[in-house]
Amino acid sequence: VAIGVSSGEAGKLMGTFKEIVGLSSQQSDNLIKQTYLLATASDVAPQAVMADIAGSTETVAKFTHAGGENIARAAIQARRLGTTFDSIASAAEGMLDFESSIAAEMEAQVFTGRQLNLQHLRELSLAGDLEGMAKEQARLAGSEAEFNAMKVLQRQSLAKALNISVSDLAKLVSKQEE
């Protein structure tokens with residue numbers, strides 16, 4: 001009730017933090033409360049962040065660093081940019097296919113006429129820094145005005161290079177202005 005999710009989701013969230021992250025019950029409870037407060041302070045719906053994390057046990061297992069705070073920050077950043085935690089994680093995994101990522105980067109440069117350098121994005125993906133990756137994606141996506149000036153193939157190639165869908169790219173650029 002305190003964090004605004006169902007008891008089933010709260011239990012799943014607590015279990016995820018205890019079993020996958022390796023936190024005690026008290027540490028899990030504290031992390032949940034901290035995540036709720038950070039989401040509220042970031043002007044993001046805490047319930048959506050909590051549900052995102054609770055429904056992403058595989059992603060949590062892959063990307064958790066000591067303590068699990070990176071997961072909370074990444075889920076909040078994803079929501080701030082209009083996407084989900086799993087979407088950011090999926091993009092991170094796709095960036096690790098270096099050959100495809102570099103090919104998509106070159107293609108996007110040709111179609112958009114922009115000089116793109118996705119090396120830092122790939123480095124963040126390799127390090128498992130989902131929060132940093134989401135921020136870097138937003139930076140590389142450009143402004144909403146630039147996006148609106150793009151043709152269909154330009155949007156598709158940029159989205160492919162960033163390893164996200166065109167709809168997520170549109171959300172990302174519109175949320176940047178906010």
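Mentor: Start just past α9: Gly142 takes a positive phi of about 90° there. Keep in mind that this is a predicted model.
Trainee: Okay, and which residue takes a positive phi just after α11?
Mentor: That's Asn163, with a phi of about 60°.
Trainee: Back to α9, then. Is it mostly enclosed or open?
Mentor: Largely enclosed by the rest of the structure, because 10 of its 12 residues are buried. Among the buried ones are Leu130, Met133, Leu140 and even Glu131 and Glu136.
Trainee: What span should α9 have?
Mentor: Its 12 residues, 130-141, should span 16 Å at 1.5 Å a residue. The end C-alpha atoms are 16 Å apart, so that agrees.
Trainee: New topic: how do α7 and α11 pack?
Mentor: Helix α7 covers residues 98-112 and α11 covers 152-162; they pack at about 155°, with their axes 8 Å apart. Angles over 145 degrees count as roughly antiparallel, so α7 is roughly antiparallel to α11. The crossing is left-handed.
Trainee: Which residues make that contact?
Mentor: From α7, they include Ala104, Ala108 and Phe111; from α11, they include Leu153, Ser157 and Leu158. By class, the contact has 6 nonpolar, 3 polar and 3 charged residues.
Trainee: And which residues of α11 are buried?
Mentor: Gln154, Ser157, Leu158, Ala159, Ala161 and Leu162. Gln154, Ser157, Leu158 and Ala161 also belong to the contact with α7.
Trainee: Why do residues three or four places apart point the same way?
Mentor: Because an α-helix has 3.6 residues a turn.

How values were computed: Residues numbered from 1 in each chain as written. Predicted model: local features only at pLDDT ≥ 70, side-chain atom pairs only at ≥ 80, totals over all residues. Heavy atoms only, no water. Axes fitted to C-alpha atoms, helices over the stretch in contact; angles between N-to-C directions. Helix = DSSP H or I, 4+ residues; strand = E, 2+ residues; numbered from the N terminus. Parallel < 35°, antiparallel > 145°, perpendicular 65-115°, else oblique. Left-handed = near helix turned anticlockwise from the far one by under 90°. Contact = heavy atoms within 4.5 Å. Nonpolar A, V, L, I, M, F, W, Y, C, P; charged D, E, K, R; others polar. Expected span 1.5 Å × (residues − 1). Buried < 20%, exposed > 50% of the residue type's maximum accessible area, 1.4 Å probe, protein only.
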